[in-house]
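This report goes through a set of chains one topic at a time. Please keep the sequence and the structure in view while reading.

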Amino acid sequence: MIALLLAVVLFFLGGLLQPGFVSVAQAINIIRLAAFLGIIAAGQTLVIISGHEGIDLSVGAVVTLSAILVFRIVNGNNGMVIPALAVALAAGALIGLANGIGVMALGIPPLVMTLGMTGIVQGTILVVTQGQMIGKAAPIMGEAISQPLLGPLPGIVVIWLLVGTLMWMLLERTGYGKRLFAVGVNRETARLSGVRVPVVVVLTYMASGVLSAFGGFILLGFTQNVFLNLGTPYLFPSVAAVVIGGTVLAGGKGSYWGTMAGALVLTLLTSLLTASQLPEATRQIVLGVLLLALLSVYGRQRALRQ
Amino acid sequence: MQISLSAQHVTKRYGGVTALSDGTLAVASGEVVALVGANGSGKSTLSKIITGVVTPDGGELILDGQPVTFAHPHAARARGITAVYQELSLIPDMSIAENIWLTHEPLHFGLPVNRRATLDRTRGLLDQFAGVIPVLDPETPVKDLTPDAKQIVEILKTFSLDPRFIILDEATASLDSQQVNRLFDLIEQWKRDGRAIVFVSHRMEEVFRIADRIVVMRNGQTVGDLVHAGASEAAVVALMTGESADADAALAAHRDDTHVNGTGLAAVRLQVRTLTSQTLRDVSFDVHDGELLGLGGLRGQGQEDILLAVFGAIRHGGAIEISGRPVQWKHPKDAVDAGVAYVPGDRNTQGLLAIRSILENLQLPSWAKYGFPLRTSAATRDAGQAATDLSIVMAGLEAPVNSLSGGNAQKVVIGKWLLRNPRILLLNDPTKGVDVGAKAEIYRLLGELRQAGTAIVFYSSDDAELLGLCDRVLVLHDGVIRAELVRGDSLTRSNLIAASVGASHGSIQ
Amino acid sequence: MSRMTLQRILRRNPYLFTLGLLLVLLAINWMLQPNLFETRVLNGNFRTFVPLMILAVGQTFVVIGGGIDLSVGAILSMVTAILVTNLAPDTGPGGFLLIVGLGCLAGMAAGALNGFAVAILRLQPIVTTYATSFIFSGLALWVLPRPGGTVPKLLSQFYRRETPLGLPLGIYIALALVLAWWLLRSTRYGRYLFAVGGQPDAAYATGVPVNWIRFSTYVLSGLIAALAGVALSLGTSSGDPRIGDSFTLDSVVAVVLGGTRLSGGQGGVFGSILGVIVLGIIRNIISFANVPNWWQTLVDALIIVVALAAPGLVRLLRRNR
């Protein structure tokens, strides 16, 4: 809630710093950019809610892999979009499954497990493509994402709202969602209440893989092109968006609406900084300070002394 | 050693909730003062204020005639004021010795820790409980200890500071009767040394055994300061509850039901044969429809393993049949689906989802019933009904469960199973650290479940409960059933105690 | 040896798996590169390990204390930038020490910012140190906009060529780090570190100055990252404002490989150093085994994941037996 308010304030602040910043077109543009981050951060939200240091650092690599897969399979052919999407989502689910097994069955800390998975996915991409990106995005993908669909809202924004609604349903209106929160707060309580904790956690990493793969698909529609580090810039911002959105890194508490607002705030910040024409060193310092300030508003943990 | 400490009209609020509105307590050298009150009456908050863990909003602390404020637990400790906490203050991965001497390790030349001295002194301290706990290596990590041993390490940790003033906050909750006796011997010794002791407990019998004075709290206020000699248990309980509800009366009321509900003709609902686990050796028993079977004995003799094995929560050998059908469960989920419910021994770490709502805590095992998408209004209605049935005192179903007092939180743990109408209910010391009112509520509930035919297996560390509630009691010792005591026949206090300490069948009449 | 004691030894020394892996990898490396154990080759190898080794020691402190520091790479870059822009080819030892002191102060200041945010403002360490890493990288770019700079020749030659008693300088540095760790561990501060990482509430109630300990781990980590920066500048004789980026996550992986628990309260520096050497040897093997370029990332990642999974696999097999 605060994050959403902040996004609006930042937007109008942008107008003060940059005449002409405040316009409907610019607002839609920001939301469109935020949508990519927001969709990629959806899986991150689930994983972080699952607790026990849950975090998915493989989202960037999955985004890249999915985009490359779709790029290759579709190869400019509108008819191949659905099969390509299916393959990409399946690949995401498989990577999530491996992450989940590594974390739950082998007891590898999520941070390093998913980091290792990033290496494996990137390594596989290198081995298979040998650096040559062959293929072409389908025309229909770009149209579906960029062209106005509902009034002035482009397809991507509509898709994001749809993802938001589905995520809300998933978290608040399914047994899985309720069990996920339980697993995030206290795994022993969950187990002794009849929740199969490993199943819930593995499903969560799979969901994260699928959502990141979907994010890669959408991103390809926007960029129309793929390269090796396509998804990397979204990795840490996806964590930051979740935290700025009020989801607790310790697990068991949070919402996707918050993450959406967090993605908007982050995207606005980076857009404003990019538009500011400051030298890169200064931009980085300012971004760091602003992130720190944001976190001190939201991310405070419980005090030891009451 | 001389000390006098008093808290006068101390207050503390957390957000909108007043935890303490008038905490008053005075203790002097050579005195044991019992601090009693229902859960949420402000005992723990008052204790934490005295030891500097919590900052008071108002009132004052007077130490040796001078007003004091403690900014940290450290500051209070520097003046010789310490506490044995209810939530343990031990670091699980550190050893017994490291834990006991943390912050006052013996040093070599002022810098490196003197490991040998640390170990020797730890052994010296552990000797004070020799005979009532197994011999412990001071280098054992605390996480490997049984709950009673942890509690004893906690007590020794406090004592290692050579304090002038000690608060024992529910320090006997995990101890068996012999361990309590040893602790009381130590307390007598501390009194003679001139130390001042505050003893916080729910166990009236212990309070009356050890205390010189009894201070009673209710709703964040000190409501009575009684001299032991002139006080009756009924008077103390009346002050605690504000009415004349009486634990024994509740037990007695329930006992009347049990006679009506004989088990002679009932069918066997749960059959356990040659059950084995890490602590159990060859345990067999039956539980009938509507029967309340008690598990007794000293702490940690395998009672918990029986409950966990039946619930499918630990690896075990042997055969289990439910109403004649053999079952082989690999996960508690299987047991839950078959209508088995388990109320764990530690509600905070095993029974509750602290920051989630009361609604979600009550419905956790039952969400599957509500379809997709979840019919949340039905779930809320059912949970509300359960909360009303259990008379849970709460701000609303959406309030986080950690806003509840201990007794009400325990009702939530039980309530989540009532929503499923369990066929078999397993309870692991469900009234531990629960106030008198909530205890009575739990007893009433068990009675109702039995009327409905639920088979109940009930472990309690409180002998009075086993004697008052159960149709039969199995007494465990060292993973083996030592005795089966039947109501109206062999179920007597002396038999229960004799079997608990491992006496042979011959000495049980 | 009975099974009980074996389990106990494993629990006390969780880096044993990594030690075993290291021996296997060393054997493979030796087969591929027969002159591996010659002083010159060994010295060269160790020299490339040293910066990450030092960095991982700082990371270990923070992790045992219950945190994580994702800004160590950026601090390293920043300090490297400060060093190479202030040093001249003819800077004497006195001037060098002064400038190194300056770099260390900068590292500690950076650590103090992290410590303040995590311990005093109570922010989540992962995202906090991620955020501050932007500040430190920005400062590195500001000081040294593009790769370059210089380091006194005399010193870098000493650092590269000196091999006391025929052993690489890196081994002495590793020994010094382990020795310093053992000394620190045996003090009250060492006990506090483990207590704070293991159970902060309990440590607080016992009277351990929890916030101060947490703060100190980040300052120490900043200082140590600065020292890693010194080692790196001496080794490469120049600076690069982005050089530290790749080090951060490697330092975390090394700490985990070394058996230190990421949730805090357990572990040690010796294991982390082993972890760094394992990572280094893996890369050495990849380059000597003629692994095709395209395969290198995958092989590297696979070996790391297998190493991470090994203790868990053994546990699984034992349980199912």
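## A four-stranded sheet in chain B

In chain B, four strands make up an open sheet whose order is E12-E11-E14-E15, with antiparallel pairing. Strands here are DSSP runs of E with at least two residues, helices are DSSP runs of H or I with at least four residues, and both are numbered from the N terminus. Two strands count as paired if DSSP finds at least two bridges between them. At the edges are strand E12 (283-288) and strand E15 (325-327) of chain B, each of which pairs on one side only. From one strand to the next, the twist averages 20°. Angles run from 0 to 180 degrees between N-to-C directions, and axes are lines fitted to C-alpha atoms, for helices over the stretch in contact.

Inside this sheet, strand E11 (residues 268-276) of chain B pairs with strand E14 (residues 317-322) of chain B in the antiparallel sense over five bridges. B:Val272 has B:Ile320 of E14(B) opposite. Helix H10 (residues 303-310) of chain B packs on the sheet and touches E11, E12 and E14 of chain B. The direction of helix H10 makes about 115° with that of E11(B). Contact between two residues means that their C-beta atoms, placed from the backbone, lie within 7 Å.

## How the model is to be read

This is a predicted model, in which local features need pLDDT of at least 70 and side-chain atom pairs count only at pLDDT 80 or more, while totals for chains, interfaces and linings use all residues. Residues are numbered from 1 along each chain as its sequence is written, and chains are lettered from A and ligands numbered from 1 in the order in which they are written.

## A six-stranded sheet in chain B

Chain B also holds an open sheet of six strands, in the order E16-E17-E18-E13-E19-E20, and its pairing is mixed. Strand E16 (340-343) and strand E20 (480-486) of chain B are at the edges with a single partner strand each, so one side of each has no neighbour in the sheet. The twist in this sheet averages 15° from one strand to the next.

Strand E13 (residues 292-296) and strand E19 (residues 472-477) of chain B pair in the parallel sense over four bridges. In this pair, B:Gly294 stands opposite B:Val473 of E19(B).

## Two backbone details in chain B

B:Asp282 is not a glycine, yet its phi is positive, at about 55°. B:Asp282 lies in the loop between E11 and E12 of chain B.

B:Phe372 and B:Pro373 are joined by a cis peptide bond, with omega about -10°. The loop that contains B:Pro373 runs between helix H13 (358-363) and helix H14 (376-389) of chain B.

## Chain C and a pair of its helices

Chain C has 14 helices and zero strands. Its radius of gyration is 20 Å, close to the 20 Å that the globule rule gives for 321 residues, so chain C is as compact as a globular protein of that length. The radius is taken over C-alpha atoms, and the globule rule is 2.2 Å times the number of residues to the power 0.38. The C-alpha trace of chain C spans about 65 × 55 × 40 Å along its principal axes.

How do two of these helices meet? The axes of helix H2 (residues 16-32) and helix H13 (residues 269-288) of chain C come within 9 Å and cross at roughly 30°. H2(C) and H13(C) are therefore roughly parallel to each other. Angles under 35 degrees count as roughly parallel, over 145 as roughly antiparallel, 65 to 115 as roughly perpendicular and the rest as oblique. Among the residues that make the contact are C:Leu22 and C:Leu25 of H2(C) and C:Val278 and C:Ile281 of H13(C). The contact residues comprise 14 nonpolar, five polar and no charged. Ala, Val, Leu, Ile, Met, Phe, Trp, Tyr, Cys and Pro count as nonpolar, Asp, Glu, Lys and Arg as charged, and the others, Gly among them, as polar.

Chain A has 13 helices and two strands. The C-alpha trace of chain A spans about 55 × 50 × 40 Å along its principal axes. Helix H2 (residues 24-49) and helix H7 (residues 155-172) of chain A pack at an angle of about 40°, with their axes 9 Å apart. H2(A) and H7(A) are therefore oblique to each other.

The contact between chain A and chain C takes 42 residues from chain A and 42 residues from chain C. On the side of chain A, helix H5 (110-129), helix H11 (235-244) and helix H13 (280-298) are the elements that give two or more residues. The residues on this side divide into 25 nonpolar, 14 polar and three charged.
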